[in-house]
2 protein chains.
Amino acid sequence: MPVTLINVFVVPKDKEDEFVKWWQDVKADITKQPGFISGKFHRSIKPGSRFNFINVAIWDNEDVYWKAYDKSVTPMKAKLEQLGVEMTPALYHVAFEY
Amino acid sequence: MPVTLINVFVVPKDKEDEFVKWWQDVKADITKQPGFISGKFHRSIKPGSRFNFINVAIWDNEDVYWKAYDKSVTPMKAKLEQLGVEMTPALYHVAFEY
C-alpha cells in the first residue's frame with residue numbers, strides 16, 4: 001500500500017538558497033531508490049511562513065521507504081545540522097482525495 | 001499560476017475522530033469553491049506523530065484561494081478552537097517535481 005512521506009522543514013532565512021541547492025542533490029539520489037514513485041518539493045510563497053519548505057513524496061510501501069531512509073539519514077542529518085534546519089518527517093496515508 | 005495550500009494540523013489524540021468527521025463537511029464545502037482544483041487530506045500512520053493531519057490542496061491562483069479562505073475561516077477557527085486543534089496553513093509553489 002503506497003505511503004506518503006511529508007517532511008516539514010524550518011530553514012533559517014539566510015540558508016534558504018544553500019538548502020535548495022543541496023536539495024537538488026538529495027532529490028537526484030532519492031529518485032534512484034527502489035520503490036520511490038514521485039515527489040513534490042514545496043517552497044512557501046510568503047517570506048515569513050513558519051514552515052518555509054515542505055517535501056511530499058510517494059513510496060510503494062513503508063518498507064522501501066525505511067530502507068531508503070536508513071541509507072540517506074546520516075549524511076542528511078549532518079548537513080541539516082550544519083545549516084541549522086529543523087525537519088519533521090512522518091509517513092501518512094491519504095484519508096480523503098477530493 | 002496554481003498555488004498549493006498546505007495546512008499542518010496538531011489534533012489532540014482524543015479528538016481525532018471528531019476532527020476527521022468534521023473535515024468531511026469542510027471538504028464538501030471546499031470543492032464547491034471557484035478555483036479549487038484538487039486536494040489530499042493525509043493522516044499520519046504512526047500514532048505519536050507531531051503533525052497527525054496534513055491537508056494539501058491545489059488552487060488555480062492565490063486570489064481564488066483567499067476568496068474561499070475569507071468565506072470559511074470564521075466558522076473553521078471556531079470549531080478548531082473548540083477541538084483544541086492547532087493549524088498552520090500557508091501557500092506554496094512547487095519548486096521541484098521529481
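## Salt bridges and polar contacts across the interface

Four salt bridges are found by the rule across the interface of chain A and chain B, a salt bridge being a side-chain nitrogen of Lys or Arg within 4 Å of a carboxyl oxygen of Asp or Glu. Lys46(B) pairs in this way with Glu62(A), with 2.8 Å between the closest N and O atoms. Side chains of opposite charge can pair when their charged atoms come close.

Between chain A and chain B there are also 20 residue pairs in polar contact, both residues at pLDDT 80 or more. A polar contact is a pair of N or O atoms within 3.5 Å; within protein, one must be able to donate a hydrogen and the other to accept it, and residues adjacent in sequence count only if both atoms are side-chain atoms.

## Basis of the values

This is a predicted model, in which local features need pLDDT of at least 70 and side-chain atom pairs count only at pLDDT 80 or more, while totals for chains, interfaces and linings use all residues. Side-chain values use heavy atoms, with hydrogens and water left out; residues are numbered from 1 along each chain as its sequence is written, and chains are lettered from A and ligands numbered from 1 in the order in which they are written.

## Extent and composition of the interface

Contact (heavy atoms within 4.5 Å) involves 40 residues of chain A and 40 residues of chain B. The area buried between the two chains is about 3600 Å², with carbon and sulfur atoms giving 67%; buried area is the accessible area (1.4 Å probe) that two parts lose on being put together, summed over both. On the side of chain A, Ile45(A), Phe96(A) and Tyr98(A) lose the most area to chain B, together 26% of what that side buries.

Two of these residues, Phe96(A) and Tyr98(A), are touched by Lys27(B), not counting residues up to four places away in sequence. Lys27(B) belongs to helix 1 (residues 16–30) of chain B, where helices (H or I, at least four residues) and strands (E, at least two) are DSSP runs numbered from the N terminus.

## Strand pairing

Strand 4 of chain A and strand 2 (residues 36–44) of chain B run antiparallel and are joined by five bridges; two strands pair if DSSP finds at least two bridges between them. In this pairing, Val94(A) stands opposite His42(B).

Within chain B, strand 2 is joined to strand 3 (residues 53–59) by seven bridges, again antiparallel. Ser38(B) faces Ile58(B) of strand 3, standing opposite that residue.

## Symmetry

Chain A superposes on chain B by a rotation of 180° with 0.0 Å of shift along its axis (RMSD 0.0 Å), by least squares on the C-alpha atoms of residues with pLDDT of at least 70 in both. That is the relation of a two-fold axis. Of the interface residues of chain A, 100% are also interface residues in chain B, so the copies meet through the same surface.

## Salt bridges over all chains

The structure holds 14 salt bridges over all chains. One of them links Arg43(A) and Asp17(A), with the closest N and O atoms 3.6 Å apart. Arg43(A) is in strand 2 of chain A and Asp17(A) in helix 1 of chain A, so the pair ties together parts that are 26 residues apart in sequence.
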